[in-house]
Amino acid sequence: AYGKIFDSAHEAERYGELLLLERAGEIHDLKCQVKYVLIPAKREPDRTGPRGGKIKGKVIERETAYFADFVYKTKDGTEIVEDAKGYREKSYKLKRKLMLAVHGIKIKEV
């Protein structure tokens with residue numbers, strides 16, 4: 001739908017609604033699948049190679065990120081981070097809490 005692939009019919013439907021709101025001038029700067037890093041990757045310390053170059057340390061733990069379904073701004077410039085959720089798995093609940101703790105962003109669930 002709309003030249004994009006969505007995780008659910010609900011998400012695709014919400015995108016259609018947001019497009020209409022954007023065309024009507026109610027919202028602007030609509031973006032999909034915006035990445036927020038919640039916990040950066042942890043690496044071993046960098047080291048110097050045999051020719052003096054820097055060798056990045058091996059990744060110990062990969063980053064943890066949250067991908068917002070939609071991010072847009074309202075008429076007054078307020079940024080809204082929105083998630084079109086049907087089922088809320090445990091990892092989502094933790095990421096929702098981390099978004100508030102790390103970025104100060106409360107996710108709007110629709």
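Predicted model: local features only at pLDDT ≥ 70, side-chain atom pairs only at ≥ 80, totals over all residues.

Biologist: Which residue of strand β6 forms an aromatic pair with Y15?

Modeller: Two rings pair if their centres lie within 6.5 Å, and by this rule the count comes to three aromatic pairs. In one of them, which is stacked, the centres are 6.0 Å apart and the planes 15 degrees. Because Y15 lies in helix α1 and its partner in strand β6, the pair ties together parts that are 55 residues apart in sequence. Both residues are buried, and the partner of Y15 is F70.

Biologist: Are the rings of Y66 and Y92 stacked or tilted?

Modeller: Y66 lies in strand β6 and Y92 in helix α2, so this pair ties together parts that are 26 residues apart in sequence. Planes under 30 degrees apart would count as stacked and those over 60 as edge-to-face. The centres are 6.4 Å apart and the planes stand at 50 degrees, so the pair is tilted.

Biologist: Which element gives the most to the lining of the largest pocket?

Modeller: The largest pocket has a volume of about 240 Å³, and 16 residues line it. Both β6 and α2 supply at least two residues of that lining. The element that gives the most, with four residues, is β6.

Technical notes:
Residues numbered from 1 in each chain as written. Heavy atoms only, no water. 1 Å grid on protein atoms, 1.4 Å probe; cavity = no way out; pocket = protein on both sides within 12 Å on 5 of 7 lines; lining within 4 Å. Points joined across faces, edges and corners; volume = space filled by probe spheres on them. Buried < 20%, exposed > 50% of the residue type's maximum accessible area, 1.4 Å probe, protein only.
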